[in-house]
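User: Hi! I am new to this structure and would like to learn how to read its features. Could you guide me through them?

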Amino acid sequence: MRGRTILRGLPLLPAVVLLLVFLAGPIIYCIYYAFTDMQLTGATTTNFVGLANFRKAFGDDQFYNAILQTLIFTVLSAIVGQNILGLVIALLFRLATKVLRSIVGALVIAAWVVPEIVAGYLMYAFFRDEGSLNEILKFLHLPQQNWLYTLPILAVSLANVWRGTAFSMLVYSAALAEVPAELTEAAAMDGAGVWQRFWHVTVPTIRRSVATNLMLITLQTLSVFGLIFAMTKGGPSNKSTTLPIYTYQTALQNYEIGYGTAMALVLLVIGALFSLVYLRALRPEAD
């Protein structure tokens, strides 16, 4: 019996090896350096310093600011922006003609396939003081401002919504196609309005897709670096410095690899906490 179990597990062996080498390996490597004083240049030796890097981080005001900006950026651009806009577009697709669906779908997906750093420069050109957005506002005789200076975290959040909504749209388009038409029709015959049918029939049916989508876009957004760096470099005055930006500044600009790795580990823990919340929503007993 045990031999049969081992034979059945053999096809999974290559996948397990790849996961250990390319996923578990770097995480273990990161954990080790988070407890050292490793420097990028200068120091010739690396010493084990215990929790010193974490004590330094949790006594650092800029670290708390980076966590706050990361949470604001993630909630605005992923949990609210990409998630809701993706669901709205997917719902509207069910009412639109095939030609309109193709045009809108192509436009949304085009932003998704653009490399992150290229999308950052495009959004910089759109939001900068003399950019496209202010030109549009000027044409409409509306007040203009330097968006990247006065509201940098809002500007980078909107840029991330523009770039990442296509993923949510695709997930919800597939999920909505699986909603049984007879359930919606029965609810309509019972007198349920559009909102009641959506809330009591559609949402419970696609609940697992909602949780899965939220988990994926949250984890992706927590690690966004190129988009923000291209638009603001974390400024002005750290108003858009998220944890990935602050980790880069600490590890590669200030040469504190050990300290920067400790902050990256905190980001990993934040992602794990978000994942636990979403996995809780996916538990079968919650049905």
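Analyst: Axes are lines fitted to C-alpha atoms, for helices over the stretch in contact, and angles run from 0 to 180 degrees between N-to-C directions. Helices (H or I, at least four residues) are DSSP runs, numbered from the N terminus. This is a predicted model, in which local features need pLDDT of at least 70 and side-chain atom pairs count only at pLDDT 80 or more, while totals for chains, interfaces and linings use all residues. Residues are numbered from 1 along each chain as its sequence is written, and side-chain values use heavy atoms, with hydrogens and water left out.

User: At what angle do helix α6 and helix α9 pack?

Analyst: Helix α6 (residues 116-127) and helix α9 (residues 152-177) pack at about 125°, and their axes are 10 Å apart. Angles under 35 degrees count as roughly parallel, over 145 as roughly antiparallel, 65 to 115 as roughly perpendicular and the rest as oblique. Therefore α6 is oblique to α9.

User: Which residues of α6 and α9 meet?

Analyst: Contact means heavy atoms within 4.5 Å. On the α6 side you find Glu116, Ala119, Leu122, Met123 and Phe127, and they meet Ala155, Leu158, Ala159, Trp162 and Arg163 of α9. For classes, Ala, Val, Leu, Ile, Met, Phe, Trp, Tyr, Cys and Pro count as nonpolar, Asp, Glu, Lys and Arg as charged, and the others, Gly among them, as polar. The contact of α6 with α9 has 8 nonpolar, no polar and 2 charged residues.

User: How is α9 placed against α12?

Analyst: α9 and α12 pack at an angle of about 160°, with axes 10 Å apart, which means α9 is roughly antiparallel to α12. From α9, the residues Asn160, Arg163, Phe167, Ser168, Val171, Tyr172 and Ala175 meet Ser209, Val210, Asn213, Leu216, Ile217, Gln220 and Thr221 in α12. By class, this contact has 7 nonpolar, 6 polar and 1 charged residues.

User: Is Thr218 buried or exposed?

Analyst: Buried means under 20% relative accessible area, exposed over 50%, and partly exposed in between (1.4 Å probe, protein chains only). Thr218 lies in helix α12 (residues 207-222) and is buried, with a relative accessible area of 0%. Not counting residues up to four places away in sequence, Thr218 touches Thr74, Ala78, Ile79, Phe274 and Tyr278.

User: Where is Thr232 found?

Analyst: Look in the loop between α13 (226-231) and α14 (243-253). Thr232 is buried too, at a relative accessible area of 14%. Setting aside residues up to four places away in sequence, Thr232 touches Leu148, Pro152, Val156 and Ser240.

User: How many residues of α14 are buried?

Analyst: In α14, 8 of its 11 residues are buried, and the helix is mostly covered. Its buried residues pack against α4, α12, α13 and α15. Just after α14, Tyr255 takes a positive phi of about 65°.

User: Which residues have the most contacts inside the largest nonpolar core?

Analyst: A nonpolar core is a set of buried Ala, Val, Leu, Ile, Met, Phe, Trp, Tyr and Cys residues joined through side-chain atoms within 4.5 Å. The largest one here has 25 residues, and Phe54, Phe63, Leu243, Met263 and Ile270 have the most contacts inside it. Elements giving two or more residues include α4 (61-93) and α15 (257-281), and α15 gives the most, with 9 residues. A second, separate core of 18 residues includes Leu133, Leu148, Leu227 and Ile228.
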